[in-house]
Amino acid sequence: MSKTTTDSSELATPPVPPSTPSLAARVHLGQSWRTAGILIPFLILFAVLSISSSAFLHTTNLINILDQQASTLCIAGAGTLVLVAGGIDLSVGSTYAFAGVTAGMVGQHHSLVLAIGAALAVGLVVGLANGVIVSVFKISPLITTLAMSYVIQGIALKVSSGNLILTGTIPGFTTFATAQFLAVPSAVWITAVFVVILALLLSRTNFGRYVVAAGGNAEAARLAGVRVGGIKITTFVLSGLAAALGGVIDASRLGSVIASSGGAALSFTVLAGIVVGGTSIAGGEGSGWRTAIGVLFIALIGNGFDLLGVDPNWQQIVLGLILLVAVGLDMWTRRVRR
Amino acid sequence: MPGEHSTGSTPRGATTPGDDLVVTGVSKRFGGVPALSDVSVTIRAGTIHALIGENGAGKSTLAKIIAGVIGPDEGTITLGGRALHMRSPREALAHGIVTIAQELAIVPSLTVAENVYLGAEASAGGFVRRRESRRRFRELVERVGFDLRPDAVARTLSTADQQKVEILRALSRNASFVVMDEPSAALSSHETDALHEIIRSLARAGTAVVLISHFLSEVLALADTITTLRDGRLVRTIAATGATEESLIEGMLGRSLSTAFPTKHPCATDAPVVLEVSHLRAPRVDDCSFVLRRGEILGIAGLVGAGRSELARAIIRDTRPSSGTVRLNGEELTGRGPRAAIRRGLVLIPESRKDLGLLMGRSVRENVSLSRLDLVSRFGWVSRARERRLVTQFMDVTTVKAASMALPATMLSGGNQQKLLFARTLMCAPSVLIADEPTRGVDIGSKRAIYDLLTTMADEGLGVIVISSELEEVLGLAHRVLVMRHGRITAELSGADVREDAVLAAAFADSGVS
């Protein structure tokens, strides 16, 4: 059959009307808008904060921001894959808390490696459960992960009796996230590596292509031979693992962990970061590095408002408006290409 | 059939000329493609007027114009001498014109009575007056003679009873013209009889019924007048008396095959069998068996809804067959989903490229390589250079014209989008290709290119199945033709038997006539 590929080049080539360039130009504009939509505001905000606040452009402040955002960045990086594949994961906040609690409790009696392993196992199981319920039992991901978030939070509270677990006193536990390398804490390094891997996974691998196809047009993807169900399950597993990693990082970084941390607030912050980064809530479109910028953009607003002494309530209002603009921009680019 | 249509030819109802609906010189184009050209028809009150023609002849377009769903580009519609300018079904309703479409428009969770009076409830101060509604419903049902409980939930009714609900709704709005698009397509024979009785009683009561039907026996049994359309043009309007299935079929075709097709090179009759389907059953596929040989182009004809696409989807295991086997190159095809079939060399180009084929927002490159990313990647990592090289190669073979490989698929013309799917398919190096409606919505130039592609693929040893609603296309390409009806293969035509009238006869027949 390889003959077909080489020999049939002498086929008749009838004239074909070319696609209209004006429309093509408009879509390219739409595409670059998506990228510019997050990068330009981020740079402007960065510049404005650098000028208006003397404390902002200090290495300590910038590293602090990254350190605080480490867990959110990890979770949002994996959440991008879930969203691109056409799903959504609202259980990450609870998984984060449960994994943190697990790591803390196991760490009190066993080695650090075992503690981290147990926490990641929690994330894996939750992610697998989410994925199987969504893909096999065809229940909407929104409902599945919302329900799962209650279950997980309940289990976390039950297991820890709602108590604060001190991890700062465990020898070696805090070094996992706070060890310094080139004056940057290990939490930031771990996050950087993890997010880069996820971003490359989405943009450069077969798996990433299948994720995009599954979210863009699941039916077409299936007929083209993509295992849509398996792909979606994998994105949920990655999301669960990322939430667990985030939980361990913060349990180690903050010196204590409690089952009521994370929760819905964290899930929504993660989602906001992904959407502000320009990843489509409708699936089939998105990028890991834009999510990272989206999360940091939101973090900069918070940091800037703190430094400039603006009423923190404004922070929420501004974030809400930015979210609407981000979603509006996504809808607009989609309409342009119809 | 001859004995049957005597019942349909009896004159009935008072034909007051003032109530006639007159369509004069109506034309309609969709995106530059003419769907109707200069059609004039008079529909008399109290008669059953059938519209017939092949798929795409313009019947549904004409019906939609009469029902106010779409407006004509040219021409006028007058009712009782007054010109109508309807911009919506609601305005048509004000003139007493109601459509009962193929897809029923009832709310499954509401009761029969609620559905009938949906949007026109008897109400007082915003509250529905149930007692009043029920009284009106009883009166209506008695007038028509339907046996329907007002409190039954619509979901629990049979399709025929659901249609009754729609008819009641039409009557409750005092409809004088009822347009029915394929009303019996989804009904069992028992239900069809009941529907026919309803249609007759409507006409007796003075309502004009415009009936679109693929079933010629039904048309002959019911209609007073029959209008035949072909390629958007009026062929003729005749009285049903004296018409036969043969004369109607003759009216629907009557064009010579254009020479726009590549020369056929029929394969040897002893060429090896590449695909063998035996006794396949799946949803809407009923006991289908056939073989496909190396180098053969097999056409599958039939009306829309005859089960052709469903057969294709069952063969590639997209739907799980309930029984029967598919053998590819002598080996039974097993495994789940299309992926297994693609890996074994059996590929489907699905019927709707926008919904089932392409990722419209993604690049040309991604769309072509999707099925065989393994060819352009190492350890799961896509090599962009390798991908670009291979995709270019297959785009050349399939003559895709795109300004850039990075353009999203939406930016390409319909023909080029279709060719992208061919490029993706060729990249899979298949031994059997099933192309479902390969030229739908494609310009003339690309059509010819796609015909050439299909022919070349067969010449190079693929088994090719072409499913098409355009009879001309099936006849022009296929070496052998299967005709499907109600999920069954009702005829197999080869050699000199591959003729338009033979295919139509089998497609329209009530049972396996060949």
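Mentor: We will go through it feature by feature. Keep in mind that this is a predicted model.

Trainee: How many helices and strands does chain B have?

Mentor: Chain B holds 17 helices and 24 strands. Of its 514 residues, 49% are buried. Now look at contacts. Take those in chain B with a separation of 6 or more: 69% of them join residues 24 or more positions apart.

Trainee: Which domains does chain B have?

Mentor: The domain assignment gives four entries for chain B. Domain 1 is 1-96 + 177-255, and domain 2 is 100-175. Domain 3 is 258-345 + 430-514, and domain 4 is 354-429. The centres of domain 2 and domain 3 of chain B, taken over C-alpha atoms, are 43 Å apart.

Trainee: Let us turn to a helix. How do I read its sides?

Mentor: Start with the general idea. An α-helix has 3.6 residues a turn, so residues three or four places apart point the same way. Now take H6 of chain A, residues 141-160. This helix has 20 residues and reaches 28 Å from its first C-alpha to its last, close to the 28 Å expected.

Trainee: Which residues of H6(A) are buried?

Mentor: They are A:Pro141, A:Thr144, A:Thr145, A:Met148, A:Ser149, A:Ile152, A:Gln153, A:Ala156 and A:Ser160. Seen down the axis of H6(A), these buried residues fall within an arc of 155 degrees, so they line one face of the helix. On the other side, A:Ile143, A:Tyr150 and A:Lys158 are exposed.

Trainee: What covers the buried residues of H6(A)?

Mentor: The cover includes helices H4, H5 and H12 and strand E1, which belong to chain A. Check the end of the helix too. Just after H6(A), A:Ser161 takes a positive phi of about 55 degrees.

Trainee: Now sheets. In what order do the strands of the open sheet in chain B stand?

Mentor: The order is E14-E13-E16-E17, with antiparallel pairing. E14 and E17 stand at the edges, each with a single partner strand, so one side of each is left without a neighbour in the sheet. Inside this sheet, 5 bridges join E13(B), residues 273-282, to E16(B), residues 323-328. B:Arg281 stands opposite B:Ser323 in E16(B).

Trainee: And a hairpin?

Mentor: Look at E11(B) and E12(B). These strands run antiparallel and are joined by 6 bridges. B:Thr225 has B:Ala239 in E12(B) as its bridge partner. There are 2 residues between the strands of this hairpin, and B:Asp231 takes a positive phi near 50 degrees.

Trainee: Last topic: the nonpolar core. Which residues have the most contacts inside the largest one?

Mentor: The general idea comes before the case. In soluble globular proteins, nonpolar side chains tend to be buried together. Here the largest nonpolar core has 246 residues, and B:Ile66, B:Val210 and B:Leu454 have the most contacts inside it. Helix H11 of chain A, residues 228-254, gives the most to this core, with 14 residues.

Trainee: What does B:Leu454 touch?

Mentor: Leave out residues up to four places away in sequence. Then B:Leu454 touches B:Ile297, B:Ala435, B:Pro438, B:Val464, B:Val466 and B:Leu477.

Key
Residues are numbered from 1 along each chain as its sequence is written. Chains are lettered from A and ligands numbered from 1 in the order in which they are written. This is a predicted model: local features need pLDDT of at least 70, side-chain atom pairs count only at pLDDT 80 or more; totals for chains, interfaces and linings use all residues. Two strands pair if DSSP finds at least two bridges between them. Helices (H or I, at least four residues) and strands (E, at least two) are DSSP runs, numbered from the N terminus. The expected span of a helix is 1.5 Å times one less than its number of residues. A residue is buried if 20 or more other C-beta atoms lie within 10 Å of its own, exposed if 12 or fewer, and partly exposed in between; C-beta atoms are placed from the backbone. The arc is that of the directions from the helix axis to the C-beta atoms. Two residues are in contact if their C-beta atoms, placed from the backbone, lie within 7 Å. Domain bounds come from an automatic or database domain assignment. A nonpolar core is a set of buried Ala, Val, Leu, Ile, Met, Phe, Trp, Tyr and Cys residues joined through C-beta atoms within 7 Å.
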